[in-house]
Amino acid sequence: MAREECKALLDGLNKTTACYHHLVLTVGGSADSQNLRQELQKTRQKAQELAVSTCARLTAVLRDRGLAADERAEFERLWVAFSGCLDLLEADMRRALELGAAFPLHAPRRPLVRTGVAGASSGVAARALSTRSLRLEAEGDFDVADLRELEREVLQVGEMIDNMEMKVNVPRWTVQARQAAGAELLSTVSAGPSSVVSVEERGGGCDPRKALAAIIFGAVLLAAVALAVCVAKLS
Amino acid sequence: MAAGPAPPPGRPRAQMPHLRKMERVVVSMQDPDQGVKMRSQRLLVTVIPHAVTGSDVVQWLTQKFCISEEEARHLGAALVQHGYIYPLRDPRSLVLRPDETPYRFQTPYFWTSTLWPAAELDYAIYLAKKNIRKQGTLVDYEKECYDRLHTKINHAWDLVLMQAREQLRAAKQRRKGDRLVIACQEQTYWLVNRPPPGAPSVLEQGPGRGSCAASRVHMTKSADFYKQEIEYCRRALGRTRVKSSVCLEAHLSFCGQRGPHDPLVSGCLPSNPWISDDDAYWVMNAPTVVAPTKLRVERWGFSFRELLEDPVGRAHFMDFLGKEFSGENLSFWEACEELRYGAQAQVPTLVDAVYQQFLAPGAARWVNIDSRTMERTLEGLRQPHRYVLDDAQLHIYMLMKKDSYPRFLKSDMYKGLLAEAGIPLETKKRVFPFSRRPRHSSPSPALLPTPVEPTAAGGPGGGDGVA
């Protein structure tokens, strides 16, 4: 089904853009290295591939005149999300170009800013490329050639955006978002300290796994208390 | 960032100079030998490097720039306010405390920049992320911004939520210390770019300040670029400059001369129409009036331009020139003004008329222009346009200014006008038995208000003639 395919491609592009944004944040800081630049290159190339394929699919669908109205609305929503994503990607790429030029690694003109971020970012890059782990070894002068390529790619992405706007005309004001304000709270991925296993009940829709774990924990605790009492009585 | 609308054409975005200077200071602080001393921040389990204390920063600034401590503190406070250094303990208050409070440097991506202004879409993504992380407990103004953005960029809301979720998942791939640091950095960035209500915004540019010289990132510094730079510097060197001592003296003398004539500074007689609702002042100072006031006649003596701009003055000057048999100069000047500011369609006929009347050899009112200007004017008359008589007009203007004008000022006619011109009387006030008003009917707003009796203020004396 064309819609599922487009949605999947868009999700992939979204994920790669988010990872690219996260990687660009650290350029120029203490975590900057040739490896980071190589990870950036791989991520943005993947993002561009996804963008090209999504663009092709969506353009083909939207230029088809014989599309039903509600389907067209659906595809227009996807289109607006796609073009926004592409704008974010282009802006991050421009930023990466500027920061990469300002903080060259091969012949450093100025020291890197010590920001406190010291760890490796291979996890983020692996997530972007949808692989389990990533092991890169970049040469010492990787960033010099990379900047030139990046400049070209920025122009390419800009051209793609222009072509998109020329081919398909979707007025932004006609698209209405499906999700209301605060929708992200309803289906959040449980993050942070909120998933502490606790003994007390937590409302009707509780996770059965969590209840089972709570019961087992309680049983082990009781057994430990009983043993301690026996030992105290014996001694 | 900057996934927003393109800059207005013809005026590229530029990084403001003070931000560039601050960036240079921050970068020089990073020097491993001569930079600021770095410590580590110890949280419960994690250790995060690269923390600096406020006192270290102030001391480094004092030493590096050889300035006093007060100035160093001010400079450090500016750095913190603009978000280049952020506090670790109390992240919401961007002040520099010159003691042991720890600070950390902001990553270059999040440096304050007018070149890459913060976009609404990015702010929406940040608020959505915060919403998810804090399970809906946003600060008041952030909630308002969130709702407003939801209406404003409603079409992109799906993208906002998708990106927010993905960015949080991407952040999880890092270790805890890095995650904390990046979250603090982002929070500081948005505190600077979208300050809470009541906090001053450092990115406010006053009116007309947006036009800094554009400086884009030049990947290739070619010969053309350097040629442009050289030309720019040469032009900048050749600009005429006046010393402020000279300017200020001129300004002082101007103010001293014009002070008594300014109605706001010295009050206006008979009374200020805005206060007393009596428009006698305007009637007496209308452009064409039979009896000009004394102040007006005095102003004609300040400069020739004042005299010519005042219709009454110009008429009297024309009379004077008539007596001296050089009235054609002023008529020629007036005709040239009419040409310059008149209708485009009349230009050829008017030029012709002026030529016939003033410039042709043997004309009725021939004006005395020197030969070089006359040649140039006659050349230009072949293709008449609005400004073809400019040279001749300027010559005649300077002639009148140097020659006839001083004689006019010394003449009996002018002295007679000065003597005749009267000072208008103040409007008679109604005498209130309980009021003690100042003598001058309309006190200058520049003076401090004199105390007024409370009874009079309460009484019906709002009315006219009193201030």
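Analyst: Chain A has 6 helices and 0 strands; helices (H or I, at least four residues) and strands (E, at least two) are DSSP runs numbered from the N terminus. This is a predicted model, where local features need pLDDT of at least 70, side-chain atom pairs count only at pLDDT 80 or more, and totals for chains, interfaces and linings use all residues. Residues are numbered from 1 along each chain as its sequence is written, chains are lettered from A and ligands numbered from 1 in the order in which they are written, and side-chain values use heavy atoms, with hydrogens and water left out.

User: How much of chain A is buried?
Analyst: Of its 235 residues, 46% are buried. Buried means under 20% relative accessible area, exposed over 50%, and partly exposed in between (1.4 Å probe, protein chains only).

User: Which residues have the most contacts inside the largest nonpolar core?
Analyst: F82(A), L86(A), M29(B) and W157(B), in a core of 116 residues. Such a core is a set of buried Ala, Val, Leu, Ile, Met, Phe, Trp, Tyr and Cys residues joined through side-chain atoms within 4.5 Å. Helix α3 (residues 69–102) of chain A gives the largest share, 14 residues.

User: What is F82(A) in contact with, leaving aside its neighbours within four places in sequence?
Analyst: L10(A), L13(A), A51(A), T54(A), C55(A), L58(A) and M164(A), with contact meaning heavy atoms within 4.5 Å. Another core, of 36 residues, lies apart from the largest one and includes V354(B) and I369(B).

User: Switching to cysteines: how many disulfides over all chains?
Analyst: The count is 0, taking a disulfide as a pair of cysteine sulfur atoms within 2.5 Å.

User: Last one: where is A364(B)?
Analyst: In chain B, in the loop between α17 (347–359) and α18 (371–380). A364(B) has 76% relative accessibility, so it counts as exposed. Its C-alpha atom is 9.4 Å from that of E328(B), 36 residues apart along the chain.
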